[in-house]
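Please read them alongside the coordinates.

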Amino acid sequence: MDSEREQADLTRTVLVTGGTGGLGTAVTARFLHAGWRVVVPWIAPGELPRLPRHAMLELTETDLFDDQAVAACVKLATSREDAPLAAVVNLVGGFHKAGRVHETSIDDFTAQLRLNLRPTYLACHHSLPHMLKTGGSIVCVSSRAALRPFSGAAGYITAKAGVLALVDTLAVEYKSEGIRVNAVLPSTIDTAVNRASMPNADFTRWVRPEKIADVIHFLCSDEASAITGTHLDVPGRV
């Protein structure tokens, strides 16, 4: 694609949190293919072999729940003047089905809020001062469940709805500075972990990580320069 060749000529940096996960590896590969410098924080060494060795890929050990650690990670992502930070992709999150509200402890509920919101907030908080100078794109992954709740996951659903509220707030606060903020809402993602947890499901109806990665890359590209504050449904065949 011509746009990919043009983007490769002007090197940009994208910070991908959760870049070692089932969706994250596809997102990382998509940006590398398009010529971006990709910074991926990691915490579990066993996940590192999932990522390819690549001259434009930089891995950094980071606890994404720790304020100072995230600040250091962003400092690395903004360390090259020839490759300014142009995008932040927030993928960190997780699902835990704990029962209905009267069956779910407050600790389980708040743990889901922490997992699905804190890393996203910290990555945005520390990246925005740099992006104020150059503009750029932020993409956060929420879930279709935030708009279509189901029983037994109040913490997860509330947290993913919170991601949408944060995206809407950021889009309003930073639109005039040329910072675009959008959310992607996948259905069930076809990852090894999800297949193992739902072995009897029809995997052909799930959305492939590569398809979501294409959507995220588009939202970070110049072609999406007029798009901000959107909640983009990526349902697959569900």
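1. Thr 60 belongs to strand S3, residues 57-61 (helices, H or I of at least four residues, and strands, E of at least two, are DSSP runs numbered from the N terminus). With a relative accessibility of 15%, Thr 60 counts as buried (under 20% relative accessible area; exposed is over 50%, and partly exposed lies in between, with a 1.4 Å probe and protein chains only). Apart from neighbours within four places in sequence, Thr 60 is in contact with Val 39, Val 40, Pro 41, Trp 42, Cys 73 and Leu 76, where contact means heavy atoms within 4.5 Å.

2. On the basis of the coordinates, residues are numbered from 1 along each chain as its sequence is written, and side-chain values use heavy atoms, with hydrogens and water left out. The model is predicted: local features need pLDDT of at least 70 and side-chain atom pairs count only at pLDDT 80 or more, whereas totals for chains, interfaces and linings use all residues.

3. The whole structure contains zero disulfides, a disulfide being a pair of cysteine sulfur atoms within 2.5 Å. For Cys 140, which is in no disulfide, the nearest cysteine sulfur is that of Cys 124, 4.7 Å away. Cys 140 is buried, at 1% relative accessible area. Cys 220 is likewise in no disulfide, and its nearest cysteine sulfur, that of Cys 140, is 10 Å away. Cys 220 is also buried, at 3% relative accessibility.

4. The largest pocket holds about 1,400 Å³ of space. Its lining comprises 46 residues, of which Gly 93, Gly 94, Phe 95, Ile 189 and Asn 194 are the closest to the centre. Here a pocket is an open set of points on a 1 Å grid over the protein atoms alone, where a 1.4 Å probe fits, with protein on both sides within 12 Å along at least five of seven lines; lining residues have an atom within 4 Å of a point. Grid points are joined across faces, edges and corners, and the volume is the space filled by probe spheres set on the points.

5. Helix H6 (192-197) is among the elements giving two or more residues to the lining of the largest pocket, and H6 gives the most, with four residues. By class, this lining has 21 nonpolar, 18 polar and seven charged residues (Ala, Val, Leu, Ile, Met, Phe, Trp, Tyr, Cys and Pro are nonpolar; Asp, Glu, Lys and Arg are charged; the others, including Gly, are polar).
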